[in-house]
Amino acid sequence: MSQDVRAVVAKSKGAPVTIETVTIPDPGPGEVVVDIAACGVCHTDLHYREGGINDEFPFLLGHEAAGIVEQVGPDVDHVAVGDFVVLNWRAVCGSCRACKRGRPQYCFDTFNASQKMTLSDGTELTPALGIGAFAEKTLVHQGQCTKVSPDADPAVVGLLGCGVMAGLGAAMNTGNVGRGDSVAVIGCGGVGDAAVAGARLAGASTIIGIDMDPGKLEWAKDLGATHTIDATQSDVVEAVRELTGGFGADVVIDAVGRPETWKQAFYARDLAGTVVLVGVPTPDMTLEMPLIDFFSHGGSLKSSWYGDCLPERDFPMLVDLYQQGRLPLDKFVTERIGLDEVEAAFTTMSEGKVLRSVVVL
């Protein structure tokens, strides 16, 4: 039978979110119901509330989550009742053109639940990134569940569901940071600091955190930055070169996603170096640069979608490293809050006061 749960819903563009009663249907073929233990408050949820993703209101927000599989539908063989899982929004299909070419990290046809969750009056909800986890329970496709160690803290490992994985993967997967590399990260919020941590884990020798906020620079140091640059006090490109023997960094990661920061990343890299764009630009942003600079600098210019991750490959490995004390995922959890505190958490996040607020249920 269907069941009713409490959940955070954005009913209209820009309006404060509200706690609503949401009906979760019994799982159908390939679907599962997950009892949510924790869910991080991500900028993407705020973008949904502000209408920056699409206008398919009302939205069931939340997507950076972990929980326990409570029910499974017919034909589910990927997970079982009682499994502790981290949710993901890249449930690889295995049959699209990217998957067939051996590039499943770019899967163009990822799975979501077929049935809709609804408000108590029957209004269908659009789950954020196909998940909707600011809720006591949610309905997802089995492929959106990645089984990890049940001993892990849900509030910590759930962050792999989006922002922290995006940053770690930008360094380790997209940027392919290697031992002895020099890495610069522009923007030291949650995603940028995860890139710092990823660069450290990959063995980079020089890791430079760049931001305009001294507090965020301290976060970067705590997560592995060997040097920091206050962008309000120094020319970013020149400062990076000074810290890298005059050459520029091997990999520069733009975790802000603005034309000016991307240009800084481009010119702050060494010849034949790599630029990774993981910060998300807005649709109105444009870039104008001399074409000769692209030719003469060589190297690679990459965009990182979800850190080019494969959840089944990356989540269990990263959770293991966290449990071994080799990856400080717990440092990303600034505060633990309740469902009714999500709106306030949006404000705190926008003010740059937290790496992550995490809803704990």
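Q: Hi! Which residues are linked with Arg-49 in a network of salt bridges?
A: Arg-49 is joined with Glu-50 and Glu-343 in that network. One thing to keep in mind as we go is that this is a predicted model.

Q: Noted. Where does Arg-49 sit, and is Arg-49 buried or exposed?
A: Arg-49 belongs to helix α1. Arg-49 is buried, with a relative accessible area of 10%.

Q: What is the polar contact distance between the side chains of Arg-49 and Glu-343?
A: The two side chains are joined by a polar contact of 2.3 Å.

Q: And what else is Arg-49 in contact with, leaving aside neighbours within four places in sequence?
A: Among them are Ala-10, Ser-12, Lys-13, Gly-14, Ala-15, Pro-16 and Val-17. Phe-57 and Phe-346 are also in contact with Arg-49, as is Glu-343.

Q: What follows α11?
A: Gly-352 follows α11, and its phi is positive, near 70 degrees.

Q: Back to salt bridges. How many turn up in the whole structure?
A: A search of the whole structure finds 14. One of the pairs is Arg-356 with Glu-64, whose side chains meet at 2.8 Å, N to O. Arg-356 lies in the loop between α11 and β18 and Glu-64 in strand β5 (residues 64-72), so this pair ties together parts that are 292 residues apart in sequence.

Q: Are Arg-356 and Glu-64 buried or exposed?
A: Both Arg-356 and Glu-64 are buried.

Q: What about Lys-11, which side chain does that one meet in a salt bridge?
A: Lys-11 meets Glu-20, at 3.2 Å from N to O. Lys-11 is partly exposed, with a relative accessible area of 44%.

Q: And which residue forms a salt bridge with Arg-241?
A: That is Glu-238, with the closest N and O atoms 3.4 Å apart. Arg-241 and Glu-238 are three residues apart in helix α7 (residues 236-243), which means they are separated by about one helical turn. Arg-241 is partly exposed at a relative accessible area of 26%, and Glu-238 is partly exposed at 40% relative accessibility.

Q: How far from Asp-254 is the nearest side chain of opposite charge?
A: That side chain is Arg-258, 8.7 Å away. Asp-254 is buried yet has no salt bridge. Asp-254 is part of strand β14 (residues 249-254).

Q: So what lies 3.3 Å from a polar atom of the Asp-254 side chain?
A: The backbone nitrogen of Trp-262 does. Not counting residues up to four places away in sequence, Asp-254 touches Trp-262 and others, including Ile-186, Thr-261, Ala-265 and Val-276.

Q: Switching to sheets: what is the strand order in the open sheet of five strands?
A: The order is β7-β2-β1-β4-β8, with mixed pairing. The edge strands are β7 (118-119) and β8 (126-127), each pairing on one side only.

Q: How many bridges join β1 to β2?
A: Seven bridges join β1 to β2 (residues 18-24), and the two run antiparallel. As an example, Val-5 has Val-22 in β2 as its bridge partner.

Q: And β9, how many of its residues are buried?
A: Five of the five residues in β9 (residues 137-141) are buried, so to speak a mostly covered strand. Lys-137, Leu-139 and His-141 point one way from β9, while Thr-138 and Val-140 point the other way.

Q: What joins β3 to β9?
A: Five bridges join β3 (residues 31-40) to β9, and the strands run antiparallel. The bridge partner of Asp-35 in β9 is Lys-137.

Q: Last one: where does Asp-330 lie?
A: Asp-330 is in the loop between α10 (311-323) and β17. Asp-330 is partly exposed, with a relative accessible area of 41%. Leaving aside its neighbours within four places in sequence, Asp-330 is in contact with Val-156 and Tyr-322.

Key
Residues are numbered from 1 along each chain as its sequence is written. This is a predicted model: local features need pLDDT of at least 70, side-chain atom pairs count only at pLDDT 80 or more; totals for chains, interfaces and linings use all residues. Side-chain values use heavy atoms; hydrogens and water are left out. Helices (H or I, at least four residues) and strands (E, at least two) are DSSP runs, numbered from the N terminus. Buried means under 20% relative accessible area, exposed over 50%, partly exposed in between (1.4 Å probe, protein chains only). Lys and Arg count as positive and Asp and Glu as negative; His and the chain ends are not counted. A salt bridge is a side-chain nitrogen of Lys or Arg within 4 Å of a carboxyl oxygen of Asp or Glu. A polar contact is a pair of N or O atoms within 3.5 Å; within protein, one must be able to donate a hydrogen and the other to accept it, and residues adjacent in sequence count only if both atoms are side-chain atoms. Contact means heavy atoms within 4.5 Å. Two strands pair if DSSP finds at least two bridges between them.
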